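Dear colleague,

Please find the structure below, together with the notes that I was asked to prepare on it. I would be grateful if you would read them alongside the coordinates.

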Amino acid sequence: MSASPNDLRSPLARVRGLGSAKNGSGHWLTLRLTALALAPLGLWFVGGLVRHIAQGDYTAARMWLASPCTAVLMVVLLVVGFHHAANGLQEILEDYVHGKAVRLTSLIAIKFAGVLLAAAGIFSVLKIAFGG
Amino acid sequence: MASSSSQKTLRPLSPHLQIYRPQITSIMSILHRMTGAGLTAGLPVLVWWLWALAQGPETYARVVTCLSSPVGLILLAGWSWAFFYHLCTGVRHLIWDTGAFVTNRGVDITGRIALGVSTLLTILLWVTVL
């Protein structure tokens, strides 16, 4: 088993792919990057809500969402938002849920639910954008 | 090493919540986590609203009625504050990641700023909307 001079991990550790924290720096970085993206995206969305949605008018809301820029940003917001949320929830699970089976099942359920909901949201945006 | 809870020996934990006085640091930290969780709970509502908008005017009108109800408005107000708070404290975290303001004084100052800005933005939002 050849160990590169930069790798102090045992073969088992390399195979399992987990550091002592049970997740690596990828998790940390993804959380930061999604956060960075969500800051302007979220503010943009809140601004859009104020200008086009808050009145409750159906036509105005549809017109805004149907515009290409809005639709694209909305899709990105959904994807990045759900990813950030799942990531954050994972940290909560890891901190408070100690049973391995419960934690793993919950994590999978959250990630699957996130994908489903994001898909439903994206479908809705596209339906509005292409439907006019 | 037994990891299943049925085999785990229940070892005593150092008391923490019973001992430490709540401070701006700890309260703001747990609020950041709680607002994050609260916003996540709001995501299905966001999708529900989008779905209704895509379905048609009747479905959309029902969603608008629900969200305009007293309970709905309280939830929306809560989510809006949660969003601004989580945003401001999130930016605070990102600033810390660069190494800046990681001092007792820096944490205190940035904390007060975050609290103030998030509350202000929430108020501004609702004044604009209503």
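A salt bridge is counted here when a side-chain nitrogen of Lys or Arg lies within 4 Å of a carboxyl oxygen of Asp or Glu. This is a predicted model, in which local features need pLDDT of at least 70 and side-chain atom pairs count only at pLDDT 80 or more, while totals for chains, interfaces and linings use all residues. Residues are numbered from 1 along each chain as its sequence is written, chains are lettered from A and ligands numbered from 1 in the order in which they are written, and side-chain values use heavy atoms, with hydrogens and water left out.

Salt bridges

Over all chains, the structure holds three salt bridges. The interface of chain B and chain A has two of them. In one, D97(B) pairs with R32(A), with the closest N and O atoms 2.6 Å apart. This pair joins two chains, because D97(B) lies in helix 3 of chain B and R32(A) in helix 2 (residues 25–53) of chain A. Helices (H or I, at least four residues) and strands (E, at least two) are DSSP runs, numbered from the N terminus.

R33(B) forms a salt bridge with D95(A), and here the closest N and O atoms are 2.6 Å apart. R33(B) belongs to helix 1 of chain B and D95(A) to helix 4 of chain A, so this pair also joins two chains. R33(B) is partly exposed at 21% relative accessibility, as is D95(A) at 42%. On this scale, buried means under 20% relative accessible area, exposed over 50%, and partly exposed in between (1.4 Å probe, protein chains only).

Within chain B, D108(B) and R112(B) meet in a salt bridge of 2.9 Å, N to O. Both residues lie in helix 4 of chain B, four residues apart, about one turn of the helix. D108(B) is partly exposed at 26%, whereas R112(B) is exposed at 54%.

The interface

Contact (heavy atoms within 4.5 Å) involves 29 residues from chain B and 39 residues from chain A. The two chains bury about 2800 Å² between them, 76% of it on carbon and sulfur atoms; buried area is the accessible area (1.4 Å probe) that two parts lose on being put together, summed over both. In chain B, the residues that lose the most area to chain A are R33(B), L50(B) and L53(B), together 21% of what that side buries.

Six residue pairs between the chains are in polar contact, both residues being at pLDDT 80 or more. A polar contact is a pair of N or O atoms within 3.5 Å; within protein, one must be able to donate a hydrogen and the other to accept it, and residues adjacent in sequence count only if both atoms are side-chain atoms. Helix 1 of chain B supplies the largest share of the side of chain B that touches chain A, 14 residues.

Chain A and one of its buried residues

Chain A has five helices and zero strands. Of its 132 residues, 33% count as buried. Q90(A), in helix 4 (residues 68–96) of chain A, is buried with a relative accessible area of 11%. The side chain of Q90(A) makes a polar contact with the side chain of H27(A) at 3.3 Å. Not counting residues up to four places away in sequence, Q90(A) touches H27(A), L107(A) and K111(A).

Yours sincerely
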